[in-house]
Structures are given as structure tokens and as C-alpha cells.
Amino acid sequence: MKYLIIIFFCLSIQSCAQDCENVYFTKNDKTWFSNYNVGDKLIFKSQKNDLDTIFITNKVLKVPNRNCKTFVSGGFDREFARIDYKMKKDSLKTIEDYFIQINANKKKKDASPVIRLLNLEFSSFNNILPKTEQSELKTEWKNIYTFDKDNCPYSNLNGKFGLTEFEWDKEFGLVSYTNEKGEKWVLIKKE
């Protein structure tokens, strides 16, 4: 009887694993990661003339292939993207981390990203994206999301860098960030 139960359980798991649905990004989802490629260099300058440089070091795109892990994914094989960066901070420190990751979401019309910069991380799992606004810095930055300690549930990552907010434009990506001393770095060039 014990062996019969084990065999039945294994067959149940196998039959569930075959029920797998591919989930793809919407056009809107793709705007979160399509503006960066490996080798891109982003240069930021603060009002104190401090320069920071972000290098895009890795970009992973996973396309669904009906390979589900039922208990983990709930029967969905989701399209996935992740971008990693290396940052030369104030000419002194080099930081490496992931910049953005996003999974296609079957339950939502559009997926929301997880964005991490230095010690702040916005996670769409717990929070709703803030409303976009026109940037006060440049007129071409029209859809700015402001992420700060109020909507970033994780604010002590990767050491203490004192970041209090960062701004992200869906077309241009990261455009500025500010520390607790009020120093603000603004994107001046993308190469």
C-alpha cells in the first residue's frame, strides 16, 4: 500500500508538470530592459562635480520553452530579463549587483520590475509602481518614476551608501539618484 501511494504521488506530480503555459512580456514590459545592452556606459555627475560611472556587464533574456517547475512557477514558464551592472562610485569604490529584473506576469496586464541601485530596491511584489511625472531636469524625460525609501521596501542592501531616492524613465532608464546629504547625480551621457 505504501508503494502504491508513492507511485500515485509521483504520477500526479508528473502529470501536473506537463500542464505548462508560456507567459510572454507585453510591449510595455519590454521598455524596462530594452534601453540597456552589455557594454553600455552611463556617466552621472553631481552638483559637487563628483562622477559615477555605471557599466552594463550582463543581460540575460529567457524565452519560455514550456519547461515548468509546477510547485515553483505554478504551471507557468515566464519570459524573464535581468541586467547586471558594475559601478565605479566617486572614483573610489566598485560595486557589482543586478540592476533590473522582470518576469512576465500572467495575472497582470503588465509586469512590474525589481530595480536595485546601491542600497535601495524597488520590488513590485510588495508595492505598486508610483505614478509617472515629467522630469524637472530634462524635457525629454517624460515618464519618470521616483523610487525612494517610502516605496522601496529594501533600503539597506549592498552596504550603506545613503541613497534616499532614484529616478527611472521607461525610455531612458536610470536618470538620477540622490543621497541623504542632498547630493544628486544626473545622467549626463550614455555611451
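Good morning. In this protein, residues 24 or more positions apart account for 56% of the contacts with a separation of 6 or more, where contact means heavy atoms within 4.5 Å. The structure is a predicted model, in which local features need pLDDT of at least 70 and side-chain atom pairs count only at pLDDT 80 or more, while totals for chains, interfaces and linings use all residues. Residues are numbered from 1 along each chain as its sequence is written, and side-chain values use heavy atoms, with hydrogens and water left out.

Let me begin with the overall composition. The secondary structure comes to three helices and twelve strands; these are DSSP runs numbered from the N terminus, helices being H or I of at least four residues and strands E of at least two. Of the 191 residues, 42% count as buried, a term that means under 20% relative accessible area, with exposed over 50% and partly exposed in between, for a 1.4 Å probe and protein chains only. The protein exposes about 11,200 Å², of which carbon and sulfur atoms supply 52%; these areas come from the Shrake-Rupley method with a 1.4 Å probe, and for residues only the protein chains shown count as cover.

I turn now to strand S2, residues 41–46. S2 runs antiparallel to strand S3, residues 51–62, and five bridges join the two; strands are said to pair if DSSP finds at least two bridges between them. Within this pairing, Phe 44 stands opposite Asp 52 of S3. The two strands form a hairpin with four residues between them, and Asn 49 in the turn has a positive phi of about 65°. S2 also pairs with strand S12, residues 184–190, in the antiparallel sense over five bridges. There, Ile 43 stands opposite Lys 189.

The next element is strand S10. Five of the seven residues of S10 are buried, and the strand is mostly covered. Strand S9, residues 144–148, is joined to S10 by five bridges in an antiparallel arrangement, and Tyr 145 has Trp 168 as its bridge partner in S10. S10 pairs with strand S11, residues 173–179, over six bridges, again in the antiparallel sense. These two strands, S10 and S11, form a hairpin with three residues between them. Here Trp 168 stands opposite Leu 174 of S11.

In soluble globular proteins, nonpolar side chains tend to be buried together. The largest nonpolar core here has 40 residues, and Phe 99, Leu 117 and Leu 174 have the most contacts inside it; such a core is a set of buried Ala, Val, Leu, Ile, Met, Phe, Trp, Tyr and Cys residues joined through side-chain atoms within 4.5 Å. What is Leu 174 in contact with, leaving aside its neighbours within four places in sequence? The residues are Tyr 36, Phe 44, Ile 54, Phe 99, Leu 117, Phe 166, Glu 167, Trp 168 and Leu 187.

On to the aromatic residues. A search of the whole structure finds eleven aromatic pairs; rings of Phe, Tyr and Trp (its six-membered ring) pair if their centres lie within 6.5 Å, with planes under 30 degrees apart counted as stacked, over 60 as edge-to-face and the rest as tilted. In one of them, the rings of Tyr 36 and Trp 168 have centres 6.0 Å apart and planes at 70°, so this pair is edge-to-face. Tyr 36 lies in the loop between helix H2 (27–30) and S2, and Trp 168 in S10 (residues 163–169), so the pair ties together parts that are 132 residues apart in sequence. Tyr 36 is buried at a relative accessible area of 0%, and Trp 168 is buried at 0%. Tyr 177 and Trp 185 form a stacked pair, 5.4 Å centre to centre with 15° between the planes. Tyr 177 is buried, with a relative accessible area of 0%, and Trp 185 is buried, with 1%. Ring pairs also link Trp 32, Phe 122, Tyr 145, Phe 147 and Phe 166 into a cluster.

Two polar residues complete the account. Asp 97, in strand S6 (residues 93–103), is buried, with a relative accessible area of 15%. Its side chain makes a polar contact of 3.2 Å with the side chain of Arg 116; a polar contact is a pair of N or O atoms within 3.5 Å, where within protein one must be able to donate a hydrogen and the other to accept it, and residues adjacent in sequence count only if both atoms are side-chain atoms. Ser 123, in strand S8 (residues 120–123), counts as buried at 3% relative accessibility. Beyond its neighbours within four places in sequence, Ser 123 is in contact with Pro 113, Val 114, Pro 153 and Tyr 154.
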